[in-house]
Amino acid sequence: YQVDDESSTTTTTEETTVAEPTTAKTTREFKTSDKKMMLMTATDEVKTTRAEAKDSMKEERMAAREEFKTKMSAIKDARKQKALTSLDSRITEFNKKKTTQMGERLDRFTEILTKLSTKEATLKAEGKNTATLVTDIATATTAVDAAKVAVAEQSAKDYVVDVTTEEALKTDATATIKEFMADIKAVHLLVVSAQKAVVKAWKSAALLEVRTTLTPSPTEGATP
């Protein structure tokens, strides 16, 4: 069928005008989806690393435990045996508690970074320069992933007192406690570092939003 030139031009213009925002919106959705997928992939890789860390240390832990039981049975003083058993249990429980807490904390950081990635895509679509925010998000993601690996390795550790002699039992126990405290402190510092990186990224996003609010529109202050 035949359509006159004027109506054909009008229809084409209207269709193009309507299609542009849809295309822009679709592009933003794809970019946001890609970033979420990257974060999810990084999280899956960390989970795999956690499992591998636990598996690799499982045999070593079992061997150390068997040796510990053998040396424990050789201790004649029942009070020393009880004290050593109690210390062993407390270190294990404390390590589990702390690594669980740090792991949950890092998972929250990952959730925040996912939201920041979505926010970054929105701000970029609005014409904002998000280069600094993108860098901060990437830096924070790397820091969080590194901390997650450290927490996974720490949770897989088993602190067994290396009993040398019954007379040196106190010295041996003290050495094990110091080793554990040094390890848990080092992992905690990585978590703190990751938190600082996440806060920095969050502040970068907040700063862009503030600038958006404070930037006057082209019509503001215009002479009527």
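Among contacts in the protein between residues at least 6 apart in sequence, what share join residues at least 24 apart? The figure is 83%, where a contact means heavy atoms within 4.5 Å. Before going on, a word on the model: it is predicted, so local features need pLDDT of at least 70 and side-chain atom pairs count only at pLDDT 80 or more, while totals for chains, interfaces and linings use all residues. Residues are numbered from 1 along each chain as its sequence is written, and side-chain values use heavy atoms, with hydrogens and water left out.

Let's start with the overall layout. The protein has four helices and zero strands, and reads α-α-α-α along the sequence. Helices here are DSSP runs of H or I with at least four residues, strands are runs of E with at least two, and numbering goes from the N terminus. Of the 224 residues, 28% count as buried; buried means under 20% relative accessible area, exposed means over 50%, and partly exposed is in between (1.4 Å probe, protein chains only). The accessible surface comes to about 15100 Å², and 57% of that belongs to carbon and sulfur atoms. These areas come from the Shrake-Rupley method with a 1.4 Å probe, and for residues only the protein chains shown count as cover.

Now for the inside. Thr99 sits in helix α2, which covers residues 78-125, and it is buried at 7% relative accessible area. Setting aside neighbours within four places in sequence, Thr99 is in contact with Val151, Gln154, Ser155 and Ile184. Leu169, over in helix α4, is buried too, at 8%. Its contacts, again leaving out neighbours within four places, are Ile75, Lys80, Leu84 and Val163. Take Ile75: its C-alpha atom is 9.5 Å from that of Leu169, although the two residues are 94 apart along the chain.

Next, hop to the loop between α3 (131-155) and α4 (169-214), where you'll find Asp162. Not counting residues up to four places away in sequence, Asp162 touches Lys71, Asp172 and Thr176. Asp162 and Ala175 are 13 residues apart in sequence, with 8.8 Å between their C-alpha atoms.

On the surface, Phe94, Ile177 and Met181 form a nonpolar patch with about 240 Å² of accessible area together. Patches take residues with over 30% relative accessible area and no salt bridge, joining like charges within 9 Å and nonpolar side chains (Val, Leu, Ile, Met, Phe, Trp, Tyr) within 5 Å. Ile177 lies in helix α4 and is partly exposed at 35%.

That leaves the charged pairs. Side chains of opposite charge can pair when their charged atoms come close. The structure holds four salt bridges, each being a side-chain nitrogen of Lys or Arg within 4 Å of a carboxyl oxygen of Asp or Glu. One of them joins Glu209 and Lys119, with the closest N and O atoms 2.9 Å apart. This pair links Glu209 in helix α4 to Lys119 in helix α2, 90 residues apart. Glu209 is partly exposed at 34%, and Lys119 is partly exposed at 30%.

Lys200 and Asp136 meet in another salt bridge, at 2.9 Å from N to O. Lys200 is in helix α4 and Asp136 in helix α3, so the pair ties together parts 64 residues apart in sequence. Lys200 is partly exposed at 48%, whereas Asp136 is buried at 7%. Finally, Lys157 and Asp183 form a salt bridge at 3.3 Å, N to O. Here Lys157 in the loop between α3 and α4 is linked to Asp183 in helix α4, 26 residues apart.
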